[in-house]
Amino acid sequence: MAVGIADEVESHSGLDDVSSEHKPGELEAKWVQRDPECEITDGSTCCSSHSSPRVTPLVNSFDAARPASALPIVQNNHCLHIDGADYPSFWNKDEIVQLRRQWRPKAGDVFIANQFPIRGIQRLLVSLIEGNPDPWSAGLLKKPHFCDAAASKRGAAGFMDEADKWEVRRCFKTVAMPNSLPCQYPFEDYSGEGLPPKILVLIADPRHAFIVWWQFITTSCARLNVSIPEFIEKVVFGEFKMFGNYFEHAKAWAQEAAQNPGSVRIADAGRLGSLDPKEVKAELEDIADFLDIPRERVADLVVATFRRPRDADLALKQDDCVMHEALNGGHLVEQTGLNLHLFEEAVNSASMEVHTLWINLLKTWIGSSSSQLAQLAEVSMRGVSSTLPAALTFPLKGEAAHESGRCRPCVFHLRGICRNTEEMCLYCHAPGHAKTKRASLKVRQRQKAKLQRGRSPSPSPQNLALPYGKPFHPSLVVFGV
């Protein structure tokens, strides 16, 4: 019995209960229907609010004896296809199709379209849209925001009835393509009063997106035993297809945004995952403008995001989908800088074939009509030279970092000349730091030169496709024919 990565994620999203004591060839699956809205588990049950039995990962039982790279390719027949979108095969297609035909969005509704997990970002955006000033608050994600899964579980009519009871501005999440949005679309036909419905599409540097996926499948109920290099191989060989193709999903929505800019906007999830409050604030302000939300709400929300409350763990544990880094004292939102480093470290040891296939995937964005996608692809192609110094990929301020001595003091604040407030500065303004004498310009320039020598050089047009120190080959020139 052979199982691929997507099979594992699907089965451990609530389908089987397999004993790890069986030997290869002797496994007997006991299928258990589980809540399709629950995307993660931690412990002996499928999640904090459900009681389905936790499943022992198949990869830890009979596939652990062979490398993950030997796992068989995932075929398309393991997914439920609805107009170009791929869903887990145990979801109810009829109810999802019925929702698409019957559901007419209300004034002010917001649909967040994304193809990769957005555990921390969802809290941030739900807070912004619903007007909740605290993105750490308990019960923030208790509503069935994931409309595709909610319709599959509750039935289209049941989900629509429940959503009608919400007393705040409604926010929904979907993995659908533009032609399979689970409601009546396009919104140009909207004739109701108030704000028209909007669609916010989240994209990110592909390196960040796939590391988020890897973090999800290795810490969720599946708990797959797969390393980052092995997972990257699955991606480039087309063997990982949860919810479809990430590159094609982004291209389809980018085209839709170009055709309907009043209804659809592309947002950079990577900027929301920055540790620089100013960058997060800038991206949220753009989103707020598109959604007709006062900018004043953004400033308070950003401050709250970077100010972790002491009872944060208790609140986050109530979510069906929990980001383990945030549960263990980390930042609320998935950290872009750290994820880019994790990807680059893993891909540096990959084969030339993996590099070539990865570059080919990025080239599909460069060749698209979207300047946003092309820019993200070009940055990704620069490899490690496009990443922040490793020291800046961890929280540099905050109560936990300050008390543990891991924070980095703001030298300008110590001199009373920092142009940022304590909340908006990247560095620590907390009391207790000793004032230090700043190095001379000559010393700083020497240190900067030394740092640059230790990093990969920026690529030339000839070797743009080879950011990882691999030997040049003419067939790999990105812009060549």
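This is a predicted model: local features need pLDDT of at least 70, side-chain atom pairs count only at pLDDT 80 or more; totals for chains, interfaces and linings use all residues.
Biologist: Which residues have the most contacts inside the largest nonpolar core?

Modeller: Ile199 is one of them, together with Trp213 and Leu284. That core holds 112 residues. Helix H7 contributes the most to the core, with eight residues.

Biologist: How do I read the packing of H7 against H15?

Modeller: Two packed helices are described by the angle between their axes and by the distance between those axes. Here H7 spans residues 206-219 and H15 spans residues 336-347; the angle is about 85° and the axes lie 8 Å apart. Angles of 65 to 115 degrees count as roughly perpendicular, so H7 and H15 are roughly perpendicular to each other.

Biologist: Which residues make the contact between H7 and H15?

Modeller: H7 supplies Arg207, His208, Ile211, Val212 and Gln215. From H15 come Thr336, Asn339, Leu340, Leu342, Phe343 and Glu344. Sorted by class, the contact has five nonpolar, four polar and two charged residues.

Biologist: How many helices and strands does the protein chain have?

Modeller: There are 20 helices and eight strands.

Biologist: What share of the residues in the protein chain is buried?

Modeller: Of the 481 residues, 52% are buried. The chain exposes about 21,700 Å², and carbon and sulfur atoms supply 51% of that area.

Biologist: Among contacts between residues at least 6 apart in sequence, what share joins residues at least 24 apart?

Modeller: For the protein chain that share is 72%.

Terms used
Residues are numbered from 1 along each chain as its sequence is written. Side-chain values use heavy atoms; hydrogens and water are left out. Axes are lines fitted to C-alpha atoms, for helices over the stretch in contact, and angles run from 0 to 180 degrees between N-to-C directions. Helices (H or I, at least four residues) and strands (E, at least two) are DSSP runs, numbered from the N terminus. Angles under 35 degrees count as roughly parallel, over 145 as roughly antiparallel, 65 to 115 as roughly perpendicular and the rest as oblique. Contact means heavy atoms within 4.5 Å. Ala, Val, Leu, Ile, Met, Phe, Trp, Tyr, Cys and Pro count as nonpolar, Asp, Glu, Lys and Arg as charged, and the others, Gly among them, as polar. A nonpolar core is a set of buried Ala, Val, Leu, Ile, Met, Phe, Trp, Tyr and Cys residues joined through side-chain atoms within 4.5 Å. Buried means under 20% relative accessible area, exposed over 50%, partly exposed in between (1.4 Å probe, protein chains only). Accessible areas come from the Shrake-Rupley method with a 1.4 Å probe; for residues, only the protein chains shown count as cover.
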